[in-house]
Structure formats: structure tokens, C-alpha cells
Amino acid sequence: MADCGTPFVFLARITVKEGMVNEYLSIAAEADKSVEKTEEGMLFHNFDADPDDALGFVWTEVYSDSEALLFHLNNADLGAYLEAVSPYLDGFTIELYGAVSEEAVAALRATGNSVTHYANVLGYIRDLSPQG
């Protein structure tokens, strides 16, 4: 069984309703700032535009481990973000890549969003800790 105490990748693919991109982006920017300030387990948090769809975007997130995802799901600011953006979205799907605990996957599915977990088969995580 894979080690669920290791980093993994989370993608949230969203589609914003026509005419609502600016409103969505304003709320997303606030969420990004909040996550940076409050979630040490979020190693990478990026928001990118789909090159083929002006209404499509992807949140790419790298979590330090499954506990960091559980912390994220319980972050009150995340709940406020999801509630605020709900009227602006046409689609929201989640993909997980790597070793993620069953508890974290179940908690994510309990949000009611479409979640696909691509379980780790091969690969490695490079040790980036300072060598001294």
C-alpha cells in the first residue's frame, strides 16, 4: 500500500458561467490569499486558464500529505469560497493523483463534487529538505 503521508497532486477543473468570469476571479483571488496565509500543508497553489476555453480554469494544488487535504476541507475560508462561487459555476470536477488516504478521499467525495482518484502505481518524491 502507498504511503499516504507523502505529497500528492489535486486538480479542480472548473467552468464559469458566461459573463461571470470577473466576479469569479475576484472571489478566487481572495481564496488564494487565504490559503497561502492559513495552510502550511499546501505546498503549491496555482490557478490557470484553459487555453482552449475562456470559461475554463484549473486549480492545481500540491498537498504535503492527506492530513493537509483534510485541514483544507475543514478550513472555514474554503467553505465560504465554495458558497460564494457556487452561483458563478457551470462545472466543478476534482482529480487526485498519488497516495491519498481513504479518509481524505471520502471527505472530499462527501462535498458532493465529482471526484476521481488516480491511485499511485509508480514514481518517487524527491527529497528537497536542506542537506547539512
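**Figure 1. Pairing of strands β2 and β3 in the predicted model.** Strand β2 and strand β3 (residues 56–63) pair in the antiparallel sense over 7 bridges; two strands count as paired if DSSP finds at least two bridges between them. Helices (H or I, at least four residues) and strands (E, at least two) are DSSP runs, numbered from the N terminus. A hairpin of 6 residues joins β2 to β3. Phe44 has Val62 of β3 as its bridge partner, and Asp48 stands opposite Val58 in β3. Residues are numbered from 1 along each chain as its sequence is written, and side-chain values use heavy atoms, with hydrogens and water left out. This is a predicted model, in which local features need pLDDT of at least 70 and side-chain atom pairs count only at pLDDT 80 or more, while totals for chains, interfaces and linings use all residues.

**Figure 2. The open sheet.** The sheet contains 5 strands in the order β2-β3-β1-β4-β5, with mixed pairing. Strands β2 (42–49) and β5 (114–118) stand at the edges, and each has a single partner strand, so one side of each lacks a neighbour in the sheet. From one strand to the next, the twist averages 15 degrees; axes are lines fitted to C-alpha atoms, for helices over the stretch in contact, and angles run from 0 to 180 degrees between N-to-C directions.

Figure 3. Ser66 lies in helix α2 (residues 66–73). Its relative accessible area is 3%, so Ser66 is buried (buried means under 20% relative accessible area, exposed over 50%, partly exposed in between; 1.4 Å probe, protein chains only). The side chain of Ser66 reaches the backbone nitrogen of Ser101 at 2.8 Å. Leaving aside neighbours within four places in sequence, the residues in contact with Ser66 (heavy atoms within 4.5 Å) are Cys4, Phe8, Ala99, Val100, Ser101 and Ala104.

**Figure 4. The largest nonpolar core.** Of the 30 residues in this core, Phe10, Tyr24, Leu69, Tyr81 and Leu96 touch the most other members. A nonpolar core is a set of buried Ala, Val, Leu, Ile, Met, Phe, Trp, Tyr and Cys residues joined through side-chain atoms within 4.5 Å.

Figure 5. Ala104, Val105 and Leu108 of α4 are buried. These residues cover an arc of only 100 degrees around the axis, which puts them on the same side of α4; the arc is that of the directions from the helix axis to the C-beta atoms. Glu102 and Glu103, on the other side of α4, are exposed. The cover over the buried residues of α4 includes β1, α2, β4 and β5.

How values were computed. A polar contact is a pair of N or O atoms within 3.5 Å; within protein, one must be able to donate a hydrogen and the other to accept it, and residues adjacent in sequence count only if both atoms are side-chain atoms.
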